[in-house]
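Trainee: I'd like to learn how to read a model like this one, feature by feature. Can we go through it together?

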Amino acid sequence: MSNETAFDIRRVLAALPHRYPLLLVDRVRSLTLGEEIHAVKAVSFNEEFFQGHFPGRPIMPGVLQIEALAQAAAILGIETLELAGTGKLVYFMGIDGAKFRAPVEPGCLLDLNVSFLQKRSRVYKFKGVASVEGKTTCECEFTAMIADPPA
């Protein structure tokens, strides 16, 4: 595989165990193995969470923005370590410095930019920034672990 690549939805589904309604990555625009990923979530009014968050003023919950960043990081980690198809899972372990800068509304493309900060044998630290049209909506650092699925 080349060092920089893009994924359509079929390849995203092959890399992640998530499915509707919790799959929050629609496409990978670029992925540089061992370094960074730029993924995209197309935010649609049909998302289930908009029914209750908030009627009359639909806004994507900040925790789901962080989850989308974590899913992008999972793709980066799984692809970097060549673990796609092995059944290995990426588990969220911690979030640091989460800041929410602007609302995410239906009809936008949410850009998900994640890079490695630290790599250890099974534990990784990432920096994630979500944005819409270049304006940051959410940023954080988070830690994840690659592990076998539960027995």
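Predicted model: local features only at pLDDT ≥ 70, side-chain atom pairs only at ≥ 80, totals over all residues.

Trainee: Next, the core. How many residues does the largest nonpolar core have, and which of them have the most contacts inside it?

Mentor: There are 42 residues in that core, and Ile-75, Leu-112 and Phe-126 have the most contacts inside it. Helix H1 (9-15), strand S2 (27-32), S3, H2, strand S5 (109-119), S6 and S7 each bring at least two residues to this core. H2 gives the largest share, eleven residues.

Trainee: What is Ile-75 in contact with, leaving aside its neighbours within four places in sequence?

Mentor: Its partners are Phe-7, Val-12, Ala-15, Leu-16, Val-25, Val-28, Leu-31 and Ile-37.

Trainee: Now Gln-71: buried or exposed?

Mentor: The cut-off for buried is under 20% relative accessible area. Gln-71 has a relative accessibility of 1%, so this residue counts as buried. Gln-71 belongs to helix H2. Beyond four places in sequence, Gln-71 touches Leu-16, His-18, Leu-22, Leu-23, Leu-24 and Val-25.

Trainee: And Phe-45, buried or exposed?

Mentor: For exposed, the cut-off is over 50%. Phe-45 has a relative accessible area of 58%, so this residue is exposed. You'll find Phe-45 in the loop between S3 and H2. Setting aside residues up to four places away in sequence, Phe-45 touches Phe-50, Pro-58 and Pro-106. Phe-45 and Val-12 are 22 Å apart in space, C-alpha to C-alpha, and 33 residues apart in sequence.

Trainee: What about the largest pocket: how much space lies in it?

Mentor: About 160 Å³. Of the 15 residues that line the largest pocket, Ala-15, Leu-16, Pro-17, Lys-88 and Leu-89 are the closest to its centre. H1, H2 and strand S4 (89-100) each give two or more residues to that lining. Its residues divide into ten nonpolar, four polar and one charged.

Trainee: How about the backbone? Which residues does a cis peptide bond join?

Mentor: For this, look at omega. The bond from Tyr-20 to Pro-21 is cis, with omega near 10°, and Pro-21 is in the loop between H1 and S2. His-53 and Phe-54 are also joined by a cis peptide bond, with omega about 0°. Phe-54 sits in the loop between S3 and H2.

Trainee: Where are Glu-82 and Glu-133, and what is phi in each?

Mentor: Glu-82 is in the loop between H2 and S4, with phi near 55°, a positive value in a residue other than glycine. Glu-133 lies in the loop between S6 and S7, with a positive phi near 50°. Glu-82 counts as exposed at 70% relative accessibility, and Glu-133 is exposed with a relative accessible area of 78%.

Technical notes
Residues numbered from 1 in each chain as written. Heavy atoms only, no water. Core = buried A, V, L, I, M, F, W, Y, C linked by side-chain atoms within 4.5 Å. Buried < 20%, exposed > 50% of the residue type's maximum accessible area, 1.4 Å probe, protein only. Helix = DSSP H or I, 4+ residues; strand = E, 2+ residues; numbered from the N terminus. Contact = heavy atoms within 4.5 Å. 1 Å grid on protein atoms, 1.4 Å probe; cavity = no way out; pocket = protein on both sides within 12 Å on 5 of 7 lines; lining within 4 Å. Points joined across faces, edges and corners; volume = space filled by probe spheres on them. Nonpolar A, V, L, I, M, F, W, Y, C, P; charged D, E, K, R; others polar.
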